[in-house]
Amino acid sequence: MPFSSLGLHPLVLKSVQEAGYTEPTPIQSAAIPEIIAGHDLIGIAQTGTGKTAAFTLPMLTKLSASILDGQLRGTKALVLAPTRELALQIDENVRAYGRNLPLRVATIYGGVGERPQIEALRSGTNLIIACPGRLLDLMGRGFANFSGLQYLVLDEADRMLDMGFIPSIRQIVRLLPRQRQTLLFSASLSRDIEKLTHEFLRSPKMVQIGRRADPAQTVTQLVYEVPNHLKSELLLHLLRDSSMNMVLVFSRMKHSADRIARNLEQRGVKTATLHSNRSQAQRLRALKDFKSGAVRVLVATDIAARGIDVDGISHVVNYDFPMHPEDYVHRIGRTGRANAIGDAISFVTPEDHSDLRALERFIGRGIVRKKAEGFNYAAPTTPRTHNQATQQRPHQSQQGHSSHRRSSQGGGGGGGGGGGPRRGGFRNRFGSR
Ligand code: AMP
């Protein structure tokens, strides 16, 4: 089904084309017509499936007549998201999808000065994306006027629940008009989420893409068994493969994230870190450098990585095995986003074996064990040259907001395993089952 048959406004369609999207993802095909028809909606979809466009495109379509008439006054849409990184990504996407409409958008989150946010709320910015804590604080002090609000989106509702935001969300929703359209997105439909939908939504339609706990289909998963003390050498060894051009490394603890990054930097691999001890400015900088290719590796902890939407991540490396199977699913969902292809590599030490088996039961399949070719498991010495490892990413193209961005990096990879289409390329296996 093409985008043109979904009932979107021509100026919204234009920005979709400009973003380089050729066809809607399953969640978009299913959700957009329901939202345009005015229904409340529960969207169950894994991370990276195109949810943001699924709710933004129809909202913009429905607001477009009054936007173009110059009649749009005040805040019409509120999107609640669990983390500031996610809020900023939604902001970026909304601006791209709304680039052909004179729409005012602002994002509200903690950890930064509140003046511009107060100003945005006071001046009736049309679409607000917000993290619940800061928004509630500003609402409590009388800075927001949501009396004309028409759309409420609860994005990543399951994560907001996990992070304890539900009491704040309840208070926020109590202050919104009852007559509104509410859209709730979640990666899973637990009993708690169901309870929320009864509380906030009216006769909702439900669209469900994919099954719970099923890692993205486009990700190739591998396990490397390695003793703890050889992990950093193994990572450097793997990084000799130039197809590992945009690598997200997960560590359990903040201090180990710093240590891994320091080690990589010392060995000539450009690296940034993302964890909650870093300031907001440092976190934004790290993401920006990773996206632009100024650094090849981003080392992150689980909380900091929630909601990262960076196109073209070639590999996720679980340097430390995740504590919970849900974290694994979430981590590997950072690659293979939209239709792109990615690899997820997990280092497994002897102590991790029982967790690995528990994970395999959780995801309902085994993960292939691999030995790193040419790696000396017995007596590793410091490799003398790391020519490929020290390189930055082979090349970057600058096409802006599109998942197709790195699709040209196809054939360049060296060693590595597995044939088939390379990472960053697209293959149309988008989780439609
Ligand atoms: P989301 O699930 O909204 O975080 O989107 C995941 C990624 O998919 C983002 O990088 C979007 O730019 C991209 N995307 C969304 N819709 C499409 C589409 N129809 N075709 C290709 N890429 C898309």
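Buried residues make up 57% of the 433 residues in the protein chain, and the model in which they are counted is a predicted one. The secondary structure of this chain comes to 16 helices and 14 strands, and of its contacts with a separation of 6 or more, 77% are between residues 24 or more positions apart. The exercises below work through parts of this chain.

**Exercise 1. Describe the open sheet of seven strands, and determine which strands stand at its edges.**

Solution. Begin with the order of the seven strands, which is 3-4-2-5-6-1-7, with parallel pairing. Next, look at the two ends of that order: strand 3 and strand 7 (205–209) each have a single partner strand, so one side of each is left without a neighbour in the sheet. Direction ignored, neighbouring strands of this sheet are turned against each other by 15 degrees on average. For a closer look at one pairing, take strand 1 (residues 41–45) and strand 6 (residues 181–186), which run parallel and are joined by four bridges; within this pair, Leu 41 has Leu 183 of strand 6 as its bridge partner. Helix 3 touches strand 1, strand 2 (77–80), strand 4, strand 5 (151–154) and strand 6, and its direction makes about 175 degrees with that of strand 5. Helix 6 touches strand 2, strand 3 and strand 4, and its direction makes about 100 degrees with that of strand 3.

**Exercise 2. Work out how the buried and exposed residues of helix 5 are arranged around the helix, and what covers the buried ones.**

Solution. First list the buried residues of helix 5 (residues 115–122), which are Gln 117, Ile 118, Ala 120 and Leu 121. Seen down the axis of helix 5, these buried residues fall within an arc of 160 degrees, so they line one face of the helix. Then turn to the face away from the buried side, which carries the exposed residues Arg 115, Pro 116 and Arg 122. The cover over the buried residues includes strand 3 (105–108), strand 4 (127–130) and helix 6 (132–140). Just after helix 5, Gly 124 takes a positive phi of about 70 degrees.

**Exercise 3. Is Lys 51 buried or exposed, and with which residues is it in contact beyond its neighbours within four places in sequence?**

Solution. Locate Lys 51 in helix 3 (residues 51–69). Its relative accessible area is 7%, and because buried means under 20%, Lys 51 is buried. With neighbours within four places in sequence left aside, Lys 51 is in contact with Ile 27, Ala 45, Gln 46, Asp 155, Glu 156 and Phe 185.

**Exercise 4. Classify two of the four aromatic pairs and place their residues in the chain.**

Solution. Start with Tyr 21 and Tyr 97, whose ring centres are 6.1 Å apart and whose planes stand at 65 degrees, so the pair is edge-to-face. Tyr 21 lies in the loop between helix 1 (10–18) and helix 2 (26–36), whereas Tyr 97 lies in helix 4 (residues 84–97), 76 residues apart. Both of these tyrosines, Tyr 21 and Tyr 97, are buried. Continue with Tyr 319 and Phe 347, whose ring centres are 5.8 Å apart with planes at 45 degrees, so this pair is tilted. Tyr 319 lies in the loop between strand 12 (315–318) and helix 14 (325–332) and Phe 347 in strand 13 (residues 342–348), so the pair ties together parts 28 residues apart in sequence. Tyr 319 counts as buried at 7% relative accessibility, and Phe 347 is buried with a relative accessible area of 0%.

Terms used:
Residues numbered from 1 in each chain as written. Predicted model: local features only at pLDDT ≥ 70, side-chain atom pairs only at ≥ 80, totals over all residues. Heavy atoms only, no water. Buried < 20%, exposed > 50% of the residue type's maximum accessible area, 1.4 Å probe, protein only. Arc of directions from axis to C-beta. Contact = heavy atoms within 4.5 Å. Pairing = 2+ DSSP bridges. Axes fitted to C-alpha atoms, helices over the stretch in contact; angles between N-to-C directions. Phe/Tyr/Trp six-rings, centres within 6.5 Å; stacked < 30°, edge-to-face > 60°.
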